[in-house]
Structures are given as structure tokens and as C-alpha cells.
Amino acid sequence: MLLVVSGLRVSYPAPGGRVTVVRGADFAVESGECLAIVGESGSGKSQALLATLGLAGPGAEVSGSALFEGEELVGMPSRRLQQLRGDRIGLVFQDSITGLTPHMTVGEQLAEVLVVHRGAGRQAARAEAREMLEVLQIPEPDYRLGQYPHELSGGMRQRIMIAMALLCRPSLLVADEPTTALDTTVQAAILRSFAKLKQHAGTALILVSHDLGVVAGLADRVAVMYAGRIVEMAPAERLFAAPRHPYTQGLLASTPRLDRAPSAPLPAIDGQPPDPASVPEEACAFRPRCKVARPACAAGRPPPVEVAPGHRVACLAAEPA
Amino acid sequence: MTAPLLELQDAAVVYTVGRTPFRKRRLQALAPTSLRIAPGESIGIVGESGCGKSSLARVVTALVAPTAGRVLWRGRDLASLDREGRRAFRRSVQIIFQNPLSSLNPRMSVGELVAEPLAVLRPDVRPADRPTRVAAWLDRVGLTAALAGRYPAELSGGQAQRVAIARAMICEPELLVCDEAVSALDVSIRAQVLNLLASLRAELGVALLFISHDLAVIRYVSTRIRVMYLGRLMEEAPADRLFASAQHPYTRALLSAVPIPDPVAERQRQPILLNPELPSPFDPPSGCVFRTRCPIARPNCILQVPNVAPAPDGAAGHVVACHYAGQPVPAGTPLAQPSPEPARRSG
């Protein structure tokens, strides 16, 4: 296993006590694999990932364990974490304009990654940067290297960010909502860049997204988060074909899709996602919105149960298939 | 045909950008466009960034005056309306935006926010009757009466959007414009709000102008769909017809690019891949504005602006602006390639 996260908890200071946003997440990623973490706003999907990489916000308390290539990331000195990020772990975020320096050309910024992390010479670094743009099938690579970030479209900037994240041949690439800010027709091209990477020397991908369509295209396994916990995890084909948690089922049903005739009304999940400050520690957090909730759901938090190989569900109503 | 509620006649929006006279540049956000909205109708406007869909919404709601052309409300030019006429227009045409929190005054309670349009636009409703109406509308949009005392900052995104809907609907408008109104909402909440909008239309007969970048969402609420690109109309058709037989290469690309939440289908999907570089709106391409990204563009597309014309098969209500409408467009590669390319040599 490349990355093994266990018992991860993340909390932030808030008026009236700390608020826990990740409440014990367990997941692992193998080399070359794509794990998608899906969930709605406030589910803790981004926080779980940021905390793993030492990027949680000020005041955050992170506990649990995250072993990456045998090294413990939780509590690791920030200098060492900085060395890992950009080298062994690549990062791509939703907002690509803030990830690029406005006064340096694309070529300079890409080369700098290799100069800093690998001690490469400027010339060699630039040649390697150019090669990466070719691998990602970015048209006119030489022209791109001479451009400044503001001269690029959002889609091109995001592809440059992916190229930058991949330059040091990381064993893990982490992408948080990488296509959310992009237009649909541009997204199609970016998704192909990610698919290319899967063919590329065993780079593992953790994809955080709210878009089930994007996840369906790339993920080998999917973890569904709700109120700070992973409520269901399964191989992608299984999760989409036979979801067992009522929340996953509801999420899939309420996603409009173009390949099917629309049913009116659109099935919706009643109620609101919970406020992280008021999630009960010892009950199922989805219970107030759940159509199959029973009294026992209020009595204790359902433990994850393996219902099929690699398919874990934290719900009392899900029995082994 | 019934008399339209609202009609655009060659309405255009041009912004002048830049401070000094030498730096001024013209940006045509909306090319001269005509549109008729009948009472109770539901029109979807779809397109990507810079297509002019929000400018269209602003012209329809008189938030922006067209720089050319006319907007007619029940046959009367908006520009010629007197004070009372404008008030009647504001009462009849309402808009909700993508981010409800930025359109709700943070210092007003939910109850005050929903009552405000009544006070401003419906002087005929006695102040004593306002609380009853507010309570009825909060209930209608699915909010508990207890929320009336809360402030916008205490609401979730879905709740805030419901407040915006209640506020827009309390004066019983005839047209509700929704500009990316569900785009910022989570999937499960988005479905609730879409169903609410559909039921309001069914029960009250309010016409909807639903603007979105998301075709799958727009399909749920629209009977007629217009596709826009760089400020211009590319294609318009009844919803079922558009999804069954789109004729414009851009519409086809849009339809083919929407990911499907099913790993088997999604990995075999062969979207039409467009050149991802959008042209600058300050310097739009000559001829057909879509030609720089179009997979089937020919020399003719550089020279001639395509007219908005009936679809090649003459289907009712279906118009396309393309010299080569209906011609086959090559599809791209699927995400999962059966035989992966050979790994490139290292070093």
C-alpha cells in the first residue's frame, strides 16, 4: 500500500468548543490506483485530504495516522512535508490561477519545480518540462512554455497544473475538484489528461469530487463521505451498480443524467446536510434524512461492515449480500 | 400563438471596457437576439462561460438596458414605461441568482427579507396582511416558520436559495428568471429546489427562464431550450427534440461532453473533443464565432456568418445557426482505451 490512512480525525476551534469535521476516516491507496472521495459540502472530503498532506488550516488538530511509503505524515515536521509535496506527492486544486505565479512564464515555473526538488539544471529542467507537456498532449508546447498564466484559458492552466504536479514523477497525485471550475467541453479534455496518467508509470490518484459523473470515469474505488465519516466504500463499478448505503443510493438517484429519460419529480434526499457542530457522536448522522431509519440507528453509530469483497458499508440496514 | 409575456427584439448588450479613451475596447456580451416568452412557458438557456446567458437574464429583467434593440413587456417597450409601469413590471418579473447569500441583506431576518418585496411592490396589500403571506410562502418553499427570525448567515445554501425563491415569488410574478440558481447547491439539495421550481410553475403558471451551464439540469425544467455561444444563438428546439436530434456541432459537443454517473457507460463514452481554447470576446472570430473550436469547420465558415435557419428536416420550432447543420461530427477517444499506448521510454 502506498498510502494508509487510519482513524483520521480533524477538528477546528470554533465559538463554543471545537468542531470536528473528520470523525475517524480509514482509507488506503495502492500504486497506480485511483481512489475517489465523494461527498457534499461539509462532508469532510477535502479536509480529510488536506489534513493528510499537512495542509489543514490554522488551529486544526489532526490525530490518527497517515502512512505514506512507510513514513508517518501526521505530526511530520512541516519542512519534511514540504519536501514530499511537489516531489513524491503532486497536488492539483480547483482554482488553478492561485496556484501559478503571475510574473513567471509557464516554462520558468515548471522548470523551478525540478530545480528545487531535484537539483536539476535550468536547461535540463526546461527540456523535461516540455516533454511532460507532450506526454499530456498539450498542443504547441514550446509556445505554452513562453506564456504567462494570465494568457492561458482556465482549461489550459489546469492542464499546466497537472503537468507541474507530475514533473517529479510523484507516486501519488491528489486532485481536489480539479474540473469543477471548468466548462463541460473543456472538462472532457482534462479528464483525458488524468486518464493518460493512469497509463503512466504507476502514479496513484486520489480524486476528491462532488460530481459522480467525473468519478465514474476515473475511479477504481470510491469512498462516500457523510458528516465526517466514510459511510460506504466499494470498487467503482459495484458502487454505481449496487450501492448499499441509503445516502449513496439517494445521491445517485438525485443526480440528473443525460443517458436516461428524465423522471419527474427528480428523486431528492429530504432534509439538510448536518451542521458539523451538531453531528451526534453516537448515532448514525444520516438518520434524520434516512427513509429506512429504525430506532436502533439512534442508539449507536453503525460500524462499517464488509458486505462483499472490498465493499464496506456503515449502515444497520445493509446486510451482507 | 398566444401573445408573448415578454419579447426581445434584436436586443444586444455591448459593454465598453477600459478607462482611458485609447484603451477602450468593445465587448459584445450579447449579439442582437430575439426571444419570445409565452405565459407559463419554461425556456432553458444553456451555454458555457462567456456565452451571454447572464447578459440575456439581465436584459430580460431590466437590470441592464439593451444597447440596441427593444424589450417588450406585454407589447409595451420597457424603455417607454412610466414609473407605475416599471413598478408593475418589477412585480411581474423576478430573478434569482446563483449565490443567494450575496443577494440577501445580511442584516435583515428571513421574515423581513421575504416581506420586503410586498412593501415595495404591492402597496395594495395591507401591512397587517403581510405576516400571513410571508408565513404561507415560507411554508410553500419548504421552510419552517421558526426560520423567520434567523439571519442569512445562519442558513445553509439550500435554505438561503429557498428564501430567495420565496422573496421572488411573494408578489406572484408571471416570469421567474433563474440565473444558475441551482449550480452552487449540493446534489441532494439541488434536486429539492428543482422540484420546487417545477411545482411552482405547474401550480401557479409562472413562466420560467432557466439559465444554466448544465444540460442535465436544464432538461428537468425546460420545455424549450436555446443553446448559446459567445453571445450568439447556436440552436434552439423543443427540449425532447434537442436531446434526440441536435443539429449544431456545438450542441452535439455539449451533449456528448456531459459525464454519465455509470463507470461502464462513462468509460466507453466518446465525446466530441473541441479545441479547449476559447476565442477572446474582445476579438470574436469572423464568420461563425464557433469555427475556431468546431471539428467540422470549412473555409466558408470563416467568410460567412451563418443565419439562424430552420433545421434541415424542417422540424417545428427547431432552428440552427450553422452552414453544415446536421452533418456528422467525428467523436473522440473513450476514457478507457482497450490497448493502452506503449509506455514511453524513461530517461
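In strand 8 of chain B, A207(B) is the bridge partner of L175(B). This pairing belongs to a predicted model, in which strand 7 (residues 175–179) of chain B and strand 8 of chain B run in the parallel sense over 5 bridges.

**Strand 8 of chain B**

- Strand 3 (residues 42–46) of chain B also pairs with strand 8 of chain B, in the parallel sense and over 5 bridges.
- Opposite F210(B) of strand 8 stands G44(B).
- Strand 8 (residues 207–212) of chain B is largely enclosed by the rest of the structure, because 6 of its 6 residues are buried.
- A207(B), L209(B) and I211(B) point one way from the strand, while L208(B), F210(B) and S212(B) point the other way; all are buried.

**L209(B) and the nonpolar core**

- The largest nonpolar core has 204 residues, and V222(A) and L209(B) are the ones that touch the most other members.
- Domain 1 (39–64 + 82–222) and domain 2 (241–320) of chain B both contribute residues to this core, so the core lies between them.
- Leaving aside residues up to four places away in sequence, L209(B) touches I37(B), I43(B), I45(B), A57(B), V60(B), L175(B) and V177(B).
- Among these contacts, L175(B) is also the residue whose bridge partner in strand 8 of chain B is A207(B).

**The two domains of chain B**

- The domain assignment of chain B gives domain 1, made of 39–64 + 82–222, and domain 2, made of 241–320.
- The C-alpha centres of domain 1 of chain B and domain 2 of chain B are 31 Å apart.
- Contact between the two involves 4 residues of domain 1 of chain B and 6 residues of domain 2 of chain B.
- On the domain 1 side of this contact there are 2 nonpolar, 1 polar and 1 charged residues.

**Where chain B meets chain A**

- Chain B places 44 residues in contact with 46 residues of chain A.
- At least two residues of the chain B side come from each of helix 6 (157–169), helix 7 (187–204), helix 8 (215–221), helix 10 (249–257) and helix 11 (263–268) of chain B.
- Helix 7 of chain B gives the most to this side, with 7 residues.
- By class, the side of chain B that touches chain A consists of 27 nonpolar, 8 polar and 9 charged residues.

Methods
Residues are numbered from 1 along each chain as its sequence is written. Chains are lettered from A and ligands numbered from 1 in the order in which they are written. This is a predicted model: local features need pLDDT of at least 70, side-chain atom pairs count only at pLDDT 80 or more; totals for chains, interfaces and linings use all residues. Domain bounds come from an automatic or database domain assignment. Two residues are in contact if their C-beta atoms, placed from the backbone, lie within 7 Å. Ala, Val, Leu, Ile, Met, Phe, Trp, Tyr, Cys and Pro count as nonpolar, Asp, Glu, Lys and Arg as charged, and the others, Gly among them, as polar. Helices (H or I, at least four residues) and strands (E, at least two) are DSSP runs, numbered from the N terminus. A residue is buried if 20 or more other C-beta atoms lie within 10 Å of its own, exposed if 12 or fewer, and partly exposed in between; C-beta atoms are placed from the backbone. Two strands pair if DSSP finds at least two bridges between them. A nonpolar core is a set of buried Ala, Val, Leu, Ile, Met, Phe, Trp, Tyr and Cys residues joined through C-beta atoms within 7 Å.
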